[in-house]
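Let's take a friendly walk through this protein chain, one neighbourhood at a time. Keep the 3D view open as you read.

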Amino acid sequence: MSDMRPMANAIRALAMDAVERANSGHPGMPMGMADVATVLFANHLKFDASAPHWPDRDRFVLSAGHGSMLIYALLHLTGYQRPTMTDIRNFRQLHSPCAGHPENFELPGIECTTGPLGQGLAMAVGMAMAERHLNAVYGDDLVDHMTWVIAGDGCLMEGISQEAIGLAGHLKLGRLKVLWDDNRISIDGPTSLSTSEDMAARFAAAGWHVITCDGHDHGSIDAALTAARADPRPSLIACRTTIGFGAPKKAGTSGSHGSPLGAPEISGAREALNWTAQPFEIPDDILGAWREIGMRGGAARAAFEARLAADSNMAEFNARMAGDMPAAAMAALDGHIAGLIASPQKIATRKASEIALAAINPALPAMLGGSADLTGSNNTKTPDLGVFAADDYSGRYVYYGIREFGMAAAMNGIALHGGCIPYGGTFLVFSDYMRGAVRLSALQQQRVIYVLTHDSIGLGEDGPTHQPVEHLLSLRAIPNLAVYRPCDAVETAEAWACALADGSRPSVLALSRQNLPQLRLAASENMVMRGGYRLSAASAPRRVVLVATGSEVEIACDTAAILEADGIGCDVVSMPCWERFDAQPAQWRSDVLPADALIVSIEAGVTLGWERYTGSTGLRFGVDSFGASAPIEALYAHFGLTAPAVADKVRAKLTA
């Protein structure tokens, strides 16, 4: 179709009609960016609608996820199996894959879940990083594609955007191209109400190529995208658009941003756009033109498949893209654990993690590690990892800088791209900075591993600004996130095994600054897989079960020794992962936490949440206030987290 304006209008019509039928949604952005998206998909995006998971496809990220009808319309028009027109009719309804914001687990073609503004852009940075790394490993024949992003004013106002564009510019990620929907409207009204920064200058200062176009002139758009593709830098294409394009009264206003246009406005828009088809109907010639675009990538995909079939790395490449876990990696961990049993170590669990990684990383080339400027404290870099840098993308360690949120979102993008398993470190207290991205890791069902060290008041003199108190509970509250707090070197290695085996769930490893004795001294199954287990059984008749995590398991063992000397039988239970324990059969859980015993929890964090295990009649020891600046020994004594203090209160409870 030589004139692509009717094709763009098909997007506008579907957006208007779906939002109106749902009586909910954002029609303005899809209507404003319809021309840009049409030119992108028709002339520049490498994709094949019949093979949505083709590894060397271009990635398209709708960072402005509130405009979800844009991607739903594009997927339907280009011939993806879903969404069907029935799905689009049911936009924003229960069980429709056309959710209010795009969700990667609902529809092939949705590369990532967006809606929290700015995170799509930051995830796209991770996708571009993964593309460059895999290209360095496998070459142009197997990995050679772009990452395209549509971002709105809101995406670029969010603070994470600065972290993302700074990292992308520093790494010279020239395969990343961002189309900015420069409509100058937010929900409150004109963006001039809240911002006056020079966006182009901001990107240019970060090392980006910047170009502008008329977002409703197909020739101007095409020229800008062509220039962006040719530039070796990451590109910002500022597309000057009119939000709600075609709507007679609401175009160019916040009235088209976040609510249905209404029947009179839709009627006027249809007239202005010369769109005569009935709602949810696409004329055959327009649909045919779109379907042809959806099939164009078939030749490129077939050529890729031929190259892959002839490549000696085919099996390895396919396994990496599928996220398979090599047997050698788990064998390396098993050997490492056997070494710990043979020669126990008293070390901080952050150090134990580093030693485990030293076993894992050489056997697992997919691992892509990093830290937010705390490499020496997080112990995340092993000697075999070269640095991932603009002059050497083959490196497997990323210096993210002081960009916790940007790091977490980039790791999501790396995982979503496929072929790499990202892990990254910071202090546990700074998980607050990146919580939004951790939540999206869980929602998107991605294997992202967060190495969060300095996990309690045990970090000592840095004081309450750096001592996490509420953070473990806060992270445990996120669905589909496994939070591990290992008590020693063996549990740390087992936690790594669990995190790597969990292909559809992110993991947090909360690790100590201080040295901890090795409490697991005999070979066994991976007990962290159980979430909670009996570390030691009572000698005297059991009356008490002491349940602890991390550094407090040692305190529980010492407490049990004191009480056993008084004839009070105590089990000690290590519970490194609530989520895994809760998933165990009822028989396992009732055996570990029997109903006829006093259940006592010990953890150097808030006690809220532990009542699910102790019941209302049990005891809970923790830190229900902010910490303090002092040496570790003084802090644990101050907060009553010592074996004698716990033993005294247990005795008092038993005799009350």
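## Two strands side by side

Find Ile211 and look across to strand S7: there, Ile237 stands opposite Ile211. Strand S6 (residues 209-214) and strand S7 (residues 235-240) run parallel, and 6 bridges join them. Remember as you look that this is a predicted model.

Together, S6, H9 and S7 make a right-handed β-α-β unit.

## A helix wrapped by its neighbours

Next, turn to helix H3 (residues 69-78). Buried means under 20% relative accessible area, and 10 of the 10 residues of H3 are buried, so this helix is largely enclosed by the rest of the structure. Among the buried residues are Met69, Tyr72, His76 and Thr78.

What covers the buried residues of H3? The cover includes helices H1 (5-22), H2, H4 (85-89) and H11, along with strands S1 (59-62) and S2 (147-152). After H3 comes Gly79, which has a positive phi near 100°.

The axes of H2 (residues 28-43) and H11 (residues 284-296) come within 8 Å, crossing at roughly 45°. That angle makes H2 oblique to H11.

Which residues of H2 and H11 meet? From H2 come Thr38, Phe41 and Ala42, while H11 brings Trp290, Ile293 and Arg296. The residues of this contact between H2 and H11 divide into 4 nonpolar, 1 polar and 1 charged.

Terms used:
Residues numbered from 1 in each chain as written. Predicted model: local features only at pLDDT ≥ 70, side-chain atom pairs only at ≥ 80, totals over all residues. Heavy atoms only, no water. Axes fitted to C-alpha atoms, helices over the stretch in contact; angles between N-to-C directions. Helix = DSSP H or I, 4+ residues; strand = E, 2+ residues; numbered from the N terminus. Parallel < 35°, antiparallel > 145°, perpendicular 65-115°, else oblique. Contact = heavy atoms within 4.5 Å. Nonpolar A, V, L, I, M, F, W, Y, C, P; charged D, E, K, R; others polar. Pairing = 2+ DSSP bridges. Right-handed = clockwise from strand over helix to strand, strands pointing away. Buried < 20%, exposed > 50% of the residue type's maximum accessible area, 1.4 Å probe, protein only.
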